[in-house]
Amino acid sequence: MTLTDSTTRHTDGTTELPAMSMRDIVDGHTAGHLVVAADDYGWWTDLLDGVPVHVSTPMEDVVADGLTRAGLLIREGETLRLTVAGRDVAAHRGFVRVTVRGWEPTFRRLASAREADRVPAATEPDNVARGCTDIARRRPEILAAVGGALAADEPGVTIDLGCADAGRVALLSALAPHEQFIGVDIEDGVIADATVDMAARGLAQRISLLTGSVQSTDDRPSWLDEVDCDAVTTAMSFFLLHQLASDGGGIAAVLRGWMEWFPNLRRVVIGDGIRLTAPSWTQQPWFSPTYEIYHAITGVRLWSDEEYTAAFAELGWTVRQRHSDHTMLVTTILER
Ligand SMILES: C[S@@+](CC[C@H](N)C(=O)[O-])C[C@H]1O[C@@H](n2cnc3c(N)ncnc32)[C@H](O)[C@@H]1O
């Protein structure tokens with residue numbers, strides 16, 4: 001892919017790579033907090049859905065004023081509406097939540113880990129889960145493609161490995177009404193909350209949630225005893241394979257393990273970030289530098305498009321559909 005290059009070339013022949021400004025650094029940080037606060041108030045969802053939003057408390061007033069002066073909202077009296085830039089931020093708010101809230105505890109440890117080779121990831125799991133579901137939700141056509149592939153096939157059982165708050169599974173259950181779903185995640189608190197949520201939404205009969213590790217290169221996990229493994233026909237995993245592959249001997253090794261757990265798999269759906277680096281952050285698509293730096297800190301490898309493609313081919317999977325979301329986020333539907 002082509003990365004942008006707005007390098008400054010001086011008359012003496014030297015060059016400077018594009019830099020971030022002080023405003024990007026200082027005010028961008030504050031704007032991130034305001035965007036998450038507004039999300040917690042439900043403003044972005046309402047504004048994108050055309051639901052009127054009114055400012056009614058002094059703290060809401062501070063947030064609305066900041067976001068208005070940042071150019072993301074327009075204020076008409078006590079009523080808010082989105083600017084063009086605000087609409088873009090509202091749609092991408094999941095990325096803001098993951099970085100500002102979800103990953104912040106890891107970045108915070110950098111100073112004290114100066115002598116360390118890496119900083120083990122310390123996340124706020126609920127914020128990572130919610131941010132990721134918002135990222136998935138903003139491109140409904142990609143989920144619709146996955147749901148369409150499930151619905152067009154014989155009904156089966158789809159398992160989401162690293163399902164977080166089961167947001168993606170819940171959305172898919174509406175698109176493939178005859179499919180059964182299982183979600184597994186290592187965070188027991190996230191699974192406990194999601195289980196209550198699925199029941200409240202009347203989805204408990206169609207979606208079973210389990211706690212445990214889906215790292216297939218470790219010992220066989222006990223949660224598999226609760227699953228009819230022969231019945232599982234589709235395995236999917238979003239934004240987790242890169243991490244499991246780093247810890248577990250590569251992409252093919254992890255996928256091969258899942259294929260052994262579920263011998264009748266006929267479809268695999270993988271969504272993940274692709275490694276895209278450049279000499280300066282401003283030459284990369286936004287979020288790419290953050291994604292790259294976060295993983296460099298935690299010692300998790302990122303994998304190139306070619307490495308994913310080679311692993312899929314090695315295991316006999318054929319790419320049926322490939323959807324690029326944000327430049328660096330790719331969802332692949334594979335069948336055999
Ligand atoms: C970046 S989030 C992606 C969440 C979700 N798949 C999505 O895209 O919306 C990664 C998820 O994997 C979970 N996770 C991390 N390591 C895991 C493991 N070994 N087994 C199962 N889940 C794991 C985390 O708790 C988190 O919910």
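A nonpolar core is a set of buried Ala, Val, Leu, Ile, Met, Phe, Trp, Tyr and Cys residues joined through side-chain atoms within 4.5 Å. Buried means under 20% relative accessible area, exposed over 50%, and partly exposed in between (1.4 Å probe, protein chains only). The model is predicted: local features need pLDDT of at least 70, side-chain atom pairs count only at pLDDT 80 or more, and totals for chains, interfaces and linings use all residues. Residues are numbered from 1 along each chain as its sequence is written, and side-chain values use heavy atoms, with hydrogens and water left out.

**Nonpolar cores**

- The largest nonpolar core has 37 residues, and Ile159, Trp223, Leu255, Trp258 and Phe262 touch the most other members.
- Elements giving two or more residues to this core include strand 6 (157-161), strand 9 (232-238), helix 12 (251-261) and helix 14 (305-314). Helices (H or I, at least four residues) and strands (E, at least two) are DSSP runs, numbered from the N terminus.
- Helix 12 gives the most to this core, with seven residues.
- Leu255 touches Leu241, Val268, Ile270, Phe312 and Leu315, leaving aside residues up to four places away in sequence. Contact here means heavy atoms within 4.5 Å.
- A second, separate core holds 21 residues, among them Val169, Ala170, Phe238 and Ile333.

**Ligand site**

- The ligand is surrounded by 17 residues, and the closest are Gly162, Arg168, Asp185, Val214 and Phe238. A residue counts as near if one of its heavy atoms lies within 4 Å of the molecule.
- Arg168 places a polar side-chain atom 2.7 Å from a ligand oxygen atom.
- Asp185 also has a polar side-chain atom 2.7 Å from an oxygen atom of the ligand.
- Val214 uses its backbone: an N or O atom there lies 2.9 Å from a ligand nitrogen atom.
- On its own the ligand has 590 Å² of accessible area, and the protein covers 87% of that. Areas come from the Shrake-Rupley method with a 1.4 Å probe.

**Ala296**

- Ala296 is found in helix 13 (residues 288-298).
- Ala296 is exposed, with a relative accessible area of 54%.
- Ala296 and Asp117 are 179 residues apart along the chain, and their C-alpha atoms are separated by 9.8 Å.

- Three strands form an open sheet in the order 3-5-4, with antiparallel pairing. Two strands pair if DSSP finds at least two bridges between them.
- Strand 3 (53-54) and strand 4 (73-76) each have a single partner strand, so one side of each is left without a neighbour in the sheet.
- Strand 4 and strand 5 (residues 79-82) are joined by four bridges.
- Ile74 stands opposite Arg81 in strand 5.

Technical notes
Polar contact = N/O pair within 3.5 Å; in protein donor to acceptor, adjacent residues only side chain to side chain.
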